[in-house]
Each structure stands twice: as structure tokens, then as C-alpha cells.
Amino acid sequence: MILETLHQSVQTVFTNKIRLVKALLIPFIVTYLLRSLKVSIAGSEIYEEIIVFVLNIAIFLVSSIICLRTQQILDSHGTDDTRFSTWKGISFDAQQRHYTTYLFLLFGLLNAIWAVFQIDYDWVNNGVLYCILLLLGCAGWVIFSRLSFVLPAIAAGKKASFKDALELTKHKRLYAFVIAGLLPVAFYMLFIGLPIFLLFANPNFAMSLKFIYVFIWGVIVIAIPFIIAAIEATAYRALMDNSEATEISSVE
């Protein structure tokens, strides 16, 4: 069941809270500062697309560190004593580079899928072709959700590839789609889409709480990759153990 996976994710995160704080606090702070800098230069005289591009790359790289370390710690749950955990900064070892490479490929695939869904019907000017493109986008979304499980496999120390991710999720396509396809969209709509909607719905109120609003929204944006990584790590363990938690049919 999906709810069981979510429950296990929360439980494992709280169990490993000390290790997670020591491993992720510095990357979280760096990511927040980078995002704040990006927001601060928007609309200013120093605004340049190249600067925003460099900041986006930096944010992506640090976010990949957050995702990898989260999945590493949750995968090794119960094997290390939190008393011996150490503070970690920003580093890119071989495993991190391997992880970041696959994350970048998945990010590119996700953008391609999003581009398909954004195609204007008037541009296609053909109902059949438009439906085919939408079906291709849906198929790509399902494939993306399955390929995403290469990330927790790499975090677990395996020399994994996309082929391994497809093999792992071969008999659990729906479970993989819900975990890595639907839940991230739901989180982004709830924690990013809703605040933006409220901002436009009542801009005067939002401006009166500008600092608090921006601070909380910034923290949420940074936290979402962590949440998704934690859930996928738990789901990966369930898939590896062939747990009953992967049985969608038991959900009513």
C-alpha cells in the first residue's frame, strides 16, 4: 500500500534525524542562499541570463547532494550508530558524480515530457496527432517513473543503470508510477502551486507578510527534493524486498 510506504518513510526519517541533520544542514543552507540570490537579482540591474543559468546549475548540483545523502542514510538504516555520524559539507566523490549524471538525464527526460504536454493544439492542427502526442507524453511519464529508481539503487552503492531500474519495476509498474510519477506532482502542486495561487489571489496580504512568505516558500522548495528522495528510498527497499507495501491492488 502507498500509505504504508509513506508511513515507513516518515518513521525512517525520524529514526535517522541526527544523521540527516548532520549530512544535510550545510547543503540545505547553501541551496537556500543560492535560491535567495537568484530571487534577489530578478528584475534588478545586474540581472543576466548567464548568471541565472549558473545559479540554476549550482542549485541542481547541491540538490543532487541532498537527494543522494538522504537515500544513502535511509538505505543504511539500522547499520550505523548516530553517535558516530559526522558533519558533512559539499563534496563530489565518484558515487556523487554517478548519481548526479543519472539525475541530470532524468531531469532532461522530464523536461522533454513536459514539453510534449505543453504543445498547443492550434500548432499541431490535427486531432489524431495531438492525441498521439499526449499518449506519448503519458507513456514517457510512466517510463520516467520507473527509470527514477536507478537513483536509490546508486545511493545503495550499486553500479546501477536504467536497465536495472526497469528490471526492478517490471512487475510493479503501477506502484513505481504512483511513487515516482504521481506523488512528486502532487507535492509540487500542494506546496508550490497552492502558495503561488494564494499569492495572486490576495497579493496585498502576501506582500504584508513578504519576508515570512518568501522564507517559508523557500524552505518548502528546498525540502521537496528531500521528501521525494526519502519516499523513493523507502519504496526502493520495498521493491528489493518484494514487500506487500508494493501491492497497489490492496488499496481501497
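At what angle do helix α4 and helix α6 pack, and how far apart are their axes? Helix α4 (residues 94-117) and helix α6 (residues 127-147) pack at an angle of about 160°, and their axes are 9 Å apart. This is a predicted model, in which local features need pLDDT of at least 70 and side-chain atom pairs count only at pLDDT 80 or more, while totals for chains, interfaces and linings use all residues. Residues are numbered from 1 along each chain as its sequence is written, and side-chain values use heavy atoms, with hydrogens and water left out.

**Overall architecture**
- The protein has 11 helices and zero strands; helices (H or I, at least four residues) and strands (E, at least two) are DSSP runs, numbered from the N terminus.
- Of the 252 residues in the protein, 38% are buried, a term for under 20% relative accessible area (1.4 Å probe, protein chains only).
- Among contacts (heavy atoms within 4.5 Å) between residues at least 6 apart in sequence, 81% join residues at least 24 apart.

**Packing of α4 and α6**
- Axes are lines fitted to C-alpha atoms, for helices over the stretch in contact, and angles run from 0 to 180 degrees between N-to-C directions.
- α4 and α6 are therefore roughly antiparallel to each other, the term for angles over 145 degrees.
- α4 passes α6 in a left-handed crossing, meaning that the near helix is turned anticlockwise from the far one by less than a right angle.
- Leu106, Ile113 and Phe117 are among the α4 residues that meet α6, where the partners include Gly137, Trp141 and Phe144.

**Packing of α2 and α3**
- The axes of helix α2 (residues 17-41) and helix α3 (residues 49-75) come within 9 Å and cross at roughly 165°, which makes α2 roughly antiparallel to α3.
- The crossing of α2 past α3 is left-handed.
- The contact of α2 with α3 has 19 nonpolar, four polar and four charged residues.

**Ser76**
- Ser76 lies in the loop between α3 and α4 and is buried, with a relative accessible area of 17%.
- Ser76 and Ala155 are 79 residues apart in sequence, and their C-alpha atoms are 9.7 Å apart in space.

How values were computed
Buried < 20%, exposed > 50% of the residue type's maximum accessible area, 1.4 Å probe, protein only. Parallel < 35°, antiparallel > 145°, perpendicular 65-115°, else oblique. Nonpolar A, V, L, I, M, F, W, Y, C, P; charged D, E, K, R; others polar.
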